Amino acid sequence: MFHQSHLNVHLRLILVSGKTQDFTFSPNDSATDIAKHVFDNWPAGWEEERVSSPSILRLIFQGRFLHGNVTLGALKLPAGRTTVMHLVARETLPEPNSHGQRNREKTTESNCCLLL
């Protein structure tokens, strides 16, 4: 009688620092709902990355930012499996055609690994 767990969506959220945490959500939850839940239930191991407001938390799935009203169900995630997403803190989302512009960081490592 484990039908209930297959209705839920399991997410493993990864911070820029590489720290991860698993969460369970409903397919009806939107990116905004997820950001608020994570903010309200901030994991103990993430204290150094704590943010001041859930409104600046952004989810990245398969290299794309998820806009606030996108639900997990709309992404057609595989049932019963854990889906990995990145969680970043930024005020605004990039415009859809801004892929050519990169943030010029001083460190060389920062240019890798965010787009899957």
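1. Strand S3 is largely enclosed by the rest of the structure, because five of its five residues are buried. Here buried means under 20% relative accessible area, exposed means over 50%, and partly exposed lies in between (1.4 Å probe, protein chains only). Strands (E, at least two residues) and helices (H or I, at least four) are DSSP runs, numbered from the N terminus. From S3, Leu57, Leu59 and Phe61 point one way, Arg58 and Ile60 point the other way, and all are buried.

2. On the basis of the coordinates: this is a predicted model, in which local features need pLDDT of at least 70 and side-chain atom pairs count only at pLDDT 80 or more, while totals for chains, interfaces and linings use all residues. Residues are numbered from 1 along each chain as its sequence is written, and side-chain values use heavy atoms, with hydrogens and water left out.

3. As to overall composition, the chain has two helices and five strands, and along the sequence these follow the pattern α-β-β-α-β-β-β. Of the 116 residues in the chain, 29% are buried. The accessible surface of the chain is about 8,200 Å², and 51% of this belongs to carbon and sulfur atoms; such areas come from the Shrake-Rupley method with a 1.4 Å probe, and for residues only the protein chains shown count as cover. Among contacts between residues at least 6 apart in sequence, 61% join residues at least 24 apart, a contact being heavy atoms within 4.5 Å.

4. The five strands form an open sheet with mixed pairing, in the order S2-S1-S5-S3-S4. S2 and strand S4 (64-65) are the edge strands, each pairing on one side only. Two strands are taken to pair if DSSP finds at least two bridges between them.

5. The partners of S3 deserve a separate point. S3 pairs with S5 in the antiparallel sense over four bridges, and leucine 59 stands opposite leucine 87 in S5. S3 also pairs with S4 in the antiparallel sense, over two bridges, with phenylalanine 61 opposite arginine 64 in S4. S3 and S4 form a hairpin with two residues between them, and glutamine 62 in the turn has a positive phi of about 50°.

6. Elsewhere in the sheet, S1 and S2 run antiparallel and are joined by six bridges. Leucine 13 has glutamine 21 in S2 as its bridge partner. Glycine 18 lies in the loop between S1 and S2 and is partly exposed, with a relative accessible area of 46%. Glycine 18 and histidine 86 are 68 residues apart in sequence, yet their C-alpha atoms are 9.3 Å apart in space.

7. Helix H2 (residues 31-40) has Ala31, Ile34, Ala35, Val38 and Phe39 as buried residues. These cover an arc of only 130° around the axis, which puts them on the same side of H2; the arc is that of the directions from the helix axis to the C-beta atoms. Their cover includes strand S1 (9-14), strand S2 (20-25), strand S3 (57-61) and strand S5 (82-89). H2 lies across S1, S2, S3 and S5 and runs at about 125° to S2. For this value, axes are lines fitted to C-alpha atoms, for helices over the stretch in contact, and angles run from 0 to 180 degrees between N-to-C directions.

8. Serine 30 is placed in the loop between S2 and H2 and counts as buried, at 10% relative accessibility. Not counting residues up to four places away in sequence, serine 30 touches Gly68, Asn69, Val70 and Thr71. The side chain of serine 30 reaches the backbone oxygen of glycine 68 at 3.3 Å.

9. Arginine 12, in strand S1, counts as partly exposed at 32% relative accessibility. With residues up to four places away in sequence left out, arginine 12 touches Thr20, Gln21, Asp22, Thr82, Thr83, Val84 and Met85. The side chain of arginine 12 makes a polar contact with the side chain of aspartate 22 (2.7 Å). A polar contact is a pair of N or O atoms within 3.5 Å; within protein, one must be able to donate a hydrogen and the other to accept it, and residues adjacent in sequence count only if both atoms are side-chain atoms. The C-alpha atoms of arginine 12 and leucine 87 are separated by 9.6 Å, and the two residues are 75 residues apart along the chain.
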